[in-house]
Amino acid sequence: MSSTKSLIPPKLSVAGVTGSSLRFARLGDFYSKLPKGPLIETPPPGFLGRYCYKYFRTSSPAPILHIIIGVGLIGYTINYQFHLKYHKSQKYH
Amino acid sequence: MFKYLTILSPLDQFEIRNLFSIDTPLLANINLSVTNIGLYLSIAAFITFYFSILATNHSKITPNKWSLSQETLYATIHSIVVNQINNKNGQVYFPFMYALFIFILINNLIGMVPYSFASTSHFILTFSLSFTVVLGATVLGFKEHGLKFFSLFVPAGCPLGLVPLLVLIEFISYLARNVSLGLRLAANILAGHMLLNILSGFTYNIMSSGIIFFVLGLLPLAFIIAFSGLELGIAFIQSQVFVVLSCSYIKDALELH
Amino acid sequence: MALRTIGNKFLTGPTIRPFVTSKYSNFPGIRKYSVSPKDDNKALDPRQKALSIIDSLPGNTLLTKTGYITMGVGLLSLIISKELYVVNEEALLLVAFTGMATTVFRLTREPFNEWAQEKTDRVNNILDQTQENHKTAVKGRIETVQHLGDIVDVTKTMFEMSKETAKLEAEAFELKQKVIATSEIKSVLDSWVRYEATLREREQKDLANHVIERVMAQLQNEKLQSDILNQAVIDFEKIVGAKSA
């Protein structure tokens, strides 16, 4: 019996090594779908998109300044409406 | 004579005004108003929200500067919570503490912008925060320990004769936590803003008196700049202190000393 | 004693010198108000500084820059004169806040950027390294697998060879069996031959013995003995007669 067994050659061509398996096919599929070459970025349309593209993507500190200016303007408008317009050169006093 | 009339009250900046209100007989004369504090709290919510959105950096692995700054805040608060409450069980309270911290911090910072409004200088806001925290901690203590929670008021190893007195003192101090926690924050912010306003009022009067006085007034202006720098520090420190104390109160309720 | 020390201080030359020099070197104002090479460097190029200020303004050409500035100043003066912007105490706070914010920004920008860069670089390095490692791992795998590329053919030929070997081995086995069978038959036949040979030998020996016995028995007979003797004498005489003749 052992003599017949010794005659059979080792099964070298196992599935998975030669790329015939499903797993490797999926792996190849995944890699083939990955984008190649340098990243091409285009600013998205709209004001908000352009703003985000310009400041958020580069993580510049400008939005902090914009928020400060925006909050200050809102605050000034409110203050102006409520009391600052009554303080013009002591007109109303 | 006119000069005195034009001086703004330093407390004027803290006035709450209705910006937009609904007073309708349809809904049982309900009065819904958007006040300026509401507006600035909404702005703070928007900023907090967008700060967090920016910190995600479009789900990239590499952090940008926004994410790094928020991660630093995160790490700071996390270490505070972990050190104050408990290394393992304390983590449950981290989201609350972080939300508290970022809320107070952003509101403090918005309050620093000129012409804007300091929401955290209002006792109604800070007291509602502090009462909620302390009351929540008390509920937590009762839930964890039942009636044993009252042992919090008896210091360990005190002579029996002193117990009634000590319990009274401890109880008052426990009640005072409510007030002190909110008072600390609001008083700091309020005092800072008032100081800056009073200083600027004086300096403005000096500087508007003449050319020489204008130059002379640059010195107090430098002081104002320095004080506003101090305010920036206070904005951070007070929000951190609030979180640290909230953590220690929760820890007290959890562990009873 | 005190007088002596004072006298020593003022009378002996060498003690005076260090006193004077240390006094001057300890006076910080001297350094502060004197011109240092650092200040020289700063004041070296006012032209460059002016250019950098101009560069920081909005607009592309010098003309548009001037236009922007004029427009800005005009707008500001208009706003202030129309009292849309009311200059009061809060304006000072605005100035103070702007100053504070710029100072803080300028002071913190560089360290913050460096720190952030360091952190991002660390993450990027890890990612790049991982990518490299993955690449080398994949390449190594490809290299190890590459020489197994014709593994199917190799296996097929190996199967062919093994089939052949099996066939040959079967033939060899058959032949071996044949050889064994023939050798066995041969040994059997050989044994038969050997047996027959011994048998014949024994028969011949018996025959010879029998003949000898018979001859011996016949030799005991008197008549035969005289016959033989007579015959011998006759033969002798014949031989002698032949010799003498």
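This is a predicted model: local features need pLDDT of at least 70, side-chain atom pairs count only at pLDDT 80 or more; totals for chains, interfaces and linings use all residues.

Let me begin with the fold. Chain B contains eight helices and two strands. In sequence order, its elements follow the pattern α-β-β-α-α-α-α-α-α-α. Of the 257 residues in chain B, 32% count as buried. Among contacts in chain B with a separation of 6 or more, 63% join residues 24 or more positions apart.

I turn now to the core. Which residues touch the most other members of the largest nonpolar core? They are B:Met97, B:Phe101, B:Ile110 and B:Val243, within a set of 51 residues. Several elements give two or more residues to this core: from chain B, helix 2 (36-56), helix 3 (65-84), helix 4 (94-112), helix 5 (123-145), helix 6 and helix 8 (218-255), and from chain C, helix 7 (89-146). Helix 4 of chain B gives the most, with eleven residues. As for B:Phe101, if we set aside neighbours within four places in sequence, this residue is in contact with B:Ile77, B:Ser239 and B:Val243.

Next, the interface. Chain B places 22 residues in contact with 18 residues of chain C. On the chain B side, helix 3, helix 6 and helix 8 each supply at least two residues. By class, that side has 14 nonpolar residues, seven polar and one charged.

Finally, the annotations. For chain B, an unreviewed UniProt entry lists "transmembrane region" at several spans, including residues 37-55 and 181-199. In the model, residues 37-55 of chain B are 100% helix and 0% strand, with end C-alpha atoms 26 Å apart. Residues 181-199 of chain B are likewise 100% helix and 0% strand, and their end C-alpha atoms are 27 Å apart. For chain A, the UniProt annotation "transmembrane region", also from an unreviewed entry, covers residues 64-82. That span of chain A is 100% helix and 0% strand, with its end C-alpha atoms 27 Å apart.

Thank you for your attention.

How values were computed. Residues are numbered from 1 along each chain as its sequence is written. Chains are lettered from A and ligands numbered from 1 in the order in which they are written. A nonpolar core is a set of buried Ala, Val, Leu, Ile, Met, Phe, Trp, Tyr and Cys residues joined through C-beta atoms within 7 Å. A residue is buried if 20 or more other C-beta atoms lie within 10 Å of its own, exposed if 12 or fewer, and partly exposed in between; C-beta atoms are placed from the backbone. Helices (H or I, at least four residues) and strands (E, at least two) are DSSP runs, numbered from the N terminus. Two residues are in contact if their C-beta atoms, placed from the backbone, lie within 7 Å. UniProt positions are given in the numbering used here, feature names are shortened, and annotations may be inferred rather than shown by experiment. Ala, Val, Leu, Ile, Met, Phe, Trp, Tyr, Cys and Pro count as nonpolar, Asp, Glu, Lys and Arg as charged, and the others, Gly among them, as polar.
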